[in-house]
Every structure is written in structure tokens, then in C-alpha cells.
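Hello,

Here is the structure I promised to pass on.

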Amino acid sequence: MTDLIWLNGEIKPLSDARLGVEDRGFQFADGVYEVIRIYNGRLFALPEHLDRLERSCGGIMMKMLIDRQRLAREIEQFIAKTGVKEGMIYLQITRGDSPRNHAFPQCPQTTLFYARPLPPTAPAGGQSGVKLYSVPDERWKRCWIKSVALLPNVLAKNTALAAGADEAVFVDDGVATECSSSNLFVVRQGALLTTPVGAKVLPGITRLVVLALAKELGIPATERPISEAEAISADELFITSTTREIGWVASWNGKPVSPGRCGAITLKLHKALQERIRRETQSPQR
Ligand SMILES: Cc1ncc(COP(=O)(O)O)c(C=O)c1O
């Protein structure tokens with residue numbers, strides 16, 4: 001039953017779902033989204049995702065009309081119905097369907113979500129290394145909003161793929177900000193560094209959890225702009241995202257980066273992340 005969708009309160013087959021041609025998500029990219037990971041049929045870090053969703057709605061001057069508690073309940077019930085145990089929820093809210101006009105309309109929002117199965121993630125350190133590729137950061141200055149306007153990210157990702165890499169790193173005036181769909185961390189002299197969230201960096205939920213885990217593990221972490229040059233010459237590099245967890249970086253612009261395998265601190269953090277996920281999603285349901 002993974003081909004179901006929850007659309008404005010109704011559950012139906014994904015292939016039966018219809019959106020109006022004038023939905024503002026379609027015509028203006030006037031909407032926001034979330035990707036939430038499902039492990040063992042349970043949502044990981046749901047409150048953090050809903051916090052960010054509310055902030056993203058505020059960022060596009062849109063009040064989230066669906067009640068947060070109801071949304072959480074509906075997603076949980078939906079997952080049980082789909083039977084997806086390992087996967088993700090894609091959730092999107094747009095300003096709705098109304099005759100095309102730049103001015104905000106008075107119409108109901110379009111809220112939808114559906115589940116997609118994903119293969120279980122490999123144990124920490126067991127994945128192959130990620131190949132990064134630099135692209136100029138030509139995005140807007142509100143990257144903290146998880147907006148559906150992802151064309152610059154799509155173009156960046158495909159530029160990286162065309163260059164034989166896996167993921168694009170945005171470089172803004174010499175600063176490595178983040179990647180097309182992940183955050184970037186470097187390790188230098190035993191300490192973590194990552195560019196601060198805000199104009200050019202999405203507040204990634206995995207990033208947030210990794211920073212909390214670093215604190216618990218006594219690994220010093222600093223949030224400040226990282227130059228591309230210092231990132232490339234770091235002791236370890238990794239990227240984070242909901243679907244990927246932690247991915248150690250093997251190369252940048254076609255050149256191998258240190259240490260040529262999953263580094264010790266990256267491994268420690270990934271193990272801690274998988275342990276946190278296990279604790280929060282395998283325990284008996286509240
Ligand atoms: C631009 C960008 N940065 C970072 C991330 C990682 O965020 P999260 O850890 O919440 O998945 C994503 C995820 O899609 C993203 O699109």
C-alpha cells in the first residue's frame with residue numbers, strides 16, 4: 001500500500017490524486033516541504049521536522065493552517081496504513097489553488113504527504129565515499145526556508161553528476177555553504193566545523209542531531225563559515241541528510257581527500273547517530 005497519498009485530509013491511491021493547474025506550488029513554487037525518515041515504521045525526529053515546517057511556513061508569510069498535533073497524528077496513522085517500515089515521508093504545503101495572481105489568495109492550502117520505501121542504511125562506515133563537486137552558489141538568501149523552489153539545487157546536482165561526482169557543494173564567495181541536498185561538516189584537529197545556518201544554509205535536522213551528539217561525545221564543534229580551501233584540506237569531511245544519515249567524503253572535484261576512508265570522528269558520530277535512531281524508533285511506542 002505504498003502507492004497511497006494523503007491529500008487535504010483524504011487518503012487515496014497516488015495515481016488518483018489530482019491538483020489544479022493553478023496550484024501555486026506548480027506556478028510560483030509557492031510552498032514548503034519536509035522529508036522525514038521512517039525507521040521500523042516510526043518517524044525519526046518528527047517534532048524537529050514540524051518545528052522547521054512551521055518556521056518555513058512563516059518564512060514564506062503563510063500561516064500553517066493544519067493543526068500541528070493533527071498533522072503528526074495523521075502522518076503516523078498514514079504510515080501504519082501504508083505498511084512502510086523503512087522509508088521516508090515527503091510532505092508539502094502550498095498556498096493553494098487560485099486564479100493566477102502574484103498577490104496572496106484567500107483559498108485553502110494544499111497539504112499532501114506520501115511515503116516512499118528506502119533500503120535500510122548501511123552500518124556506519126560501510127558506505128562508499130561521497131564524491132563532491134563545487135558549483136557557484138547562485139541561490140537566494142533565504143536558504144533556511146525549506147522551499148519547493150529547488151531548481152538551483154537540481155541544476156547543481158546535475159552539474160555534479162555530469163562531472164562524475166555524487167553531490168554538489170555550493171561555494172559562495174569562497175565559502176563552502178552546504179550541498180544540493182545535504183549539509184557539510186569538516187573535521188580539523190579533532191574538532192567539527194560547519195557553516196552556520198541562515199541565508200545560505202538550511203537548518204538540516206541531521207545536522208542538528210549531529211551537533212547535539214558531538215556535544216554529548218565531547219567533540220568540540222564550531223559554527224563559522226568554512227572556506228572551500230580549508231574544507232578540501234580538512235582531516236575528515238562528511239555530509240548529512242535525512243535520507244543519507246552521514247556520508248563520508250572520498251573526493252572533491254575529482255581529487256581524493258583525507259583520510260581516504262571513513263575517518264575516526266565521522267565513524268564515531270555516525271555510530272552515535274545510528275544508536276540514537278535505534279533508541280528512538282525501536283523502543284515501545286508511547
Ligand atoms: C539544501 C539542503 N541542505 C541540507 C539538507 C539536509 O537536511 P536534513 O538533515 O533535514 O535532511 C537538505 C535536505 O534535503 C537540503 O535540501
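Predicted model: local features only at pLDDT ≥ 70, side-chain atom pairs only at ≥ 80, totals over all residues.

H5 provides 3 residues to the lining of the largest cavity, the most of any element. A cavity here is a set of points, on a 1 Å grid over the protein atoms alone, where a 1.4 Å probe fits but cannot get out, and lining residues have an atom within 4 Å of a point.

Residues are numbered from 1 along each chain as its sequence is written, and side-chain values use heavy atoms, with hydrogens and water left out.

Volume means the space filled by probe spheres set on the grid points, which are joined across faces, edges and corners. Besides H5, the elements giving two or more residues to this lining are E3 and helix H7 (264-282). Among the lining residues are Arg37, Phe44, His49, Ile205, Thr206 and Leu273. By class, the lining has 6 nonpolar, 4 polar and 2 charged residues. (Ala, Val, Leu, Ile, Met, Phe, Trp, Tyr, Cys and Pro count as nonpolar, Asp, Glu, Lys and Arg as charged, and the others, Gly among them, as polar.)

Now the largest pocket, whose volume is about 750 Å³. A pocket is an open set of grid points with protein on both sides within 12 Å along at least five of seven lines. There are 33 lining residues, and Tyr33, Lys146, Leu150, Ser180 and Ser181 are the closest to the pocket centre. Helix H4 (151-162) gives the most to this lining, with 4 residues. The lining divides into 14 nonpolar, 12 polar and 7 charged residues.

Where does the ligand sit? The ligand is in the largest pocket, by the rule that more than half of its atoms lie within 2 Å of the pocket's grid points. The elements that give two or more residues to the shell around the ligand are E9, H5 and E13. That shell holds 17 residues, with Arg52, Glu178, Ile205, Thr206 and Thr242 the closest; a residue is counted if one of its heavy atoms lies within 4 Å of the molecule. By class, 4 are nonpolar, 10 polar and 3 charged.

- Glu178 has a polar side-chain atom 2.6 Å from a ligand nitrogen atom.
- Thr206 places a polar side-chain atom 2.6 Å from a ligand oxygen atom.
- Thr242 has a polar side-chain atom 2.7 Å from a ligand oxygen atom.

Alone, the ligand exposes 390 Å², and the protein buries 92% of that (Shrake-Rupley areas, 1.4 Å probe).

Finally, two backbone details. Ser258 and Pro259 are joined by a cis peptide bond, with omega about -5°. Asn40 has a positive phi of about 55° although it is not a glycine, and Asn40 is in the loop between E3 and strand E4 (42-43).

Best wishes

Terms used: Polar contact = N/O pair within 3.5 Å; in protein donor to acceptor, adjacent residues only side chain to side chain.
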